Amino acid sequence: MKQKPTKTGGRANPLNDFLFLKTMGEKGDEEQLLSFLNAVLGRTGANRFASIDIIENKKLAAEIAGGKSCVLDLRAVLQDGTRFIAEVQIRNQHNMDKRSLFYWSQEFTRSLGKGQTYSELPKVISINIVGFEFMPSGDFHTCYHLKEDRDQTLLTDALEIHFIDMVKWRRQSKKDIVNNPLHRWLTWLDPTSPPELAEEALEMDTAIQKAQEKQDYILRDEEALHHYQMQQMAYWDNISANKYMEEIKKEAENARKEAETALKEGMEKSSMEIARRMKARGRPTDEIAEDTGLSRNVIEKL
């Protein structure tokens, strides 16, 4: 199955917010969503989740979200009652830790119906795909729970938050698309993957093929294609702005270093001149060293 290029040329970006939601988060997308979820959780064989109910209402109320309009990319309920949410965040807004906790907490608390007890609160699994280096250490896939600091005893399994760092994924020297379902998914999802490798991963996995078919169907619609392109343009504009700001910061840092060097050199020249005059007047070397901060060796060579 060949991946079709977009009308603007090249392979579409499956991690585009709009395209990811439309490909994985609507009724009828259960096969690809289950496959992706099981791949992230490492569930295989009889341990795999077998059914999922996709929730199409993904908006958090503005009053809950502090007056902001917040929309999750994916919401679903698994067959055992476990709630599942996912978000793709390509731009680093330096708040991903608290942002993910906020989304998790909203899904956790609003799952409790009227008249239910706290013991009926469900487990919530959160998956965050980030397009920036989220943590300086660790693998491209990390998972967090609530544990005791010293002996790592699990307090509760109600919280499970995953981060998939696409920057670290791209640094992986070995991508085992044959034996590792998550590697297959990430190879297809990553727009920077070599086209032949993405095609190979696609051919190996029927769920990814289903996702590709849905993506191709979406992008045949002119309005959907326009929405996708607008998001891509906003993303690249943000990348360009960030690069410009980084260049400005580097220039400012270089100017600061140059000023510090010039100041240091000026102070050294001034100290040398003072030392010459003191030496010409017959002042002791130790006294000159104390007053100027120059070493005895430098003073004696003057």
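Predicted model: local features only at pLDDT ≥ 70, side-chain atom pairs only at ≥ 80, totals over all residues.
Which residues in H5 meet which residues in H6? From H5 come Arg 184, Thr 187 and Trp 188. From H6 come Leu 197, Ala 198, Ala 201, Leu 202 and Met 204. By class, this contact of H5 with H6 holds 6 nonpolar residues, 1 polar and 1 charged.

First, the overall layout. The protein has 302 residues, and 39% of them count as buried. Its secondary structure comprises 10 helices and 8 strands. Take the contacts with a separation of 6 or more: 60% of them join residues 24 or more positions apart.

Now back to the helix pair. Two packed helices are described by the angle between their axes and the distance between the axes. Helix H5 covers residues 181-189, and helix H6 covers residues 195-204. Their axes come within 8 Å and cross at roughly 130°. The crossing of H5 past H6 is left-handed.

H5 also packs against H2. The axes of H2 and H5 come within 8 Å, with a crossing angle of roughly 120°. H2 is therefore oblique to H5. H2 passes H5 in a left-handed crossing. On the H2 side, the residues are Gln 32, Ser 35, Phe 36, Ala 39 and Val 40. They meet Pro 181, Leu 182, Trp 185 and Leu 189 in H5. This contact has 7 nonpolar and 2 polar residues, and no charged ones.

How many salt bridges does the model contain? The count comes to 16. One of them joins Glu 31 to Lys 210, with the closest N and O atoms 3.8 Å apart. That pair links distant parts of the chain. Glu 31 sits in helix H2 (residues 30-41), while Lys 210 sits in helix H7 (residues 206-219). The two are 179 residues apart. Buried would require a value under 20%, and exposed one over 50%.

A second bridge joins Arg 83 and Glu 107, whose side chains meet at 3.1 Å, N to O. This pair also links distant parts of the chain, 24 residues apart. Arg 83 belongs to strand S5 (residues 83-89), and Glu 107 belongs to helix H3 (residues 96-109). Arg 83 is buried, with a relative accessible area of 17%. Glu 107 is at 0% relative accessibility, so it counts as buried.

Glu 148 counts as partly exposed, at 29% relative accessibility. Arg 150 is exposed, with a relative accessible area of 77%. Salt bridges can also be linked. Lys 22, Glu 26, Asp 29 and Lys 214 form a network of them.

Is Glu 87 buried or exposed? Its relative accessible area is 4%, so Glu 87 is buried. What does Glu 87 touch, leaving aside residues up to four places away in sequence? Its contacts are Asp 73, Met 96, Arg 99, Tyr 103, Ile 127, Asn 128 and Ile 129.

Finish in a loop. Ser 137 is found between strand S6 (124-130) and strand S7 (141-147). Ser 137 has 54% relative accessibility, so it counts as exposed. Ser 137 and Lys 168 are 31 residues apart along the chain. Their C-alpha atoms are separated by 9.8 Å.

How values were computed
Residues numbered from 1 in each chain as written. Heavy atoms only, no water. Salt bridge = Lys/Arg side-chain N within 4 Å of Asp/Glu carboxyl O. Helix = DSSP H or I, 4+ residues; strand = E, 2+ residues; numbered from the N terminus. Buried < 20%, exposed > 50% of the residue type's maximum accessible area, 1.4 Å probe, protein only. Contact = heavy atoms within 4.5 Å. Axes fitted to C-alpha atoms, helices over the stretch in contact; angles between N-to-C directions. Left-handed = near helix turned anticlockwise from the far one by under 90°. Nonpolar A, V, L, I, M, F, W, Y, C, P; charged D, E, K, R; others polar. Parallel < 35°, antiparallel > 145°, perpendicular 65-115°, else oblique.
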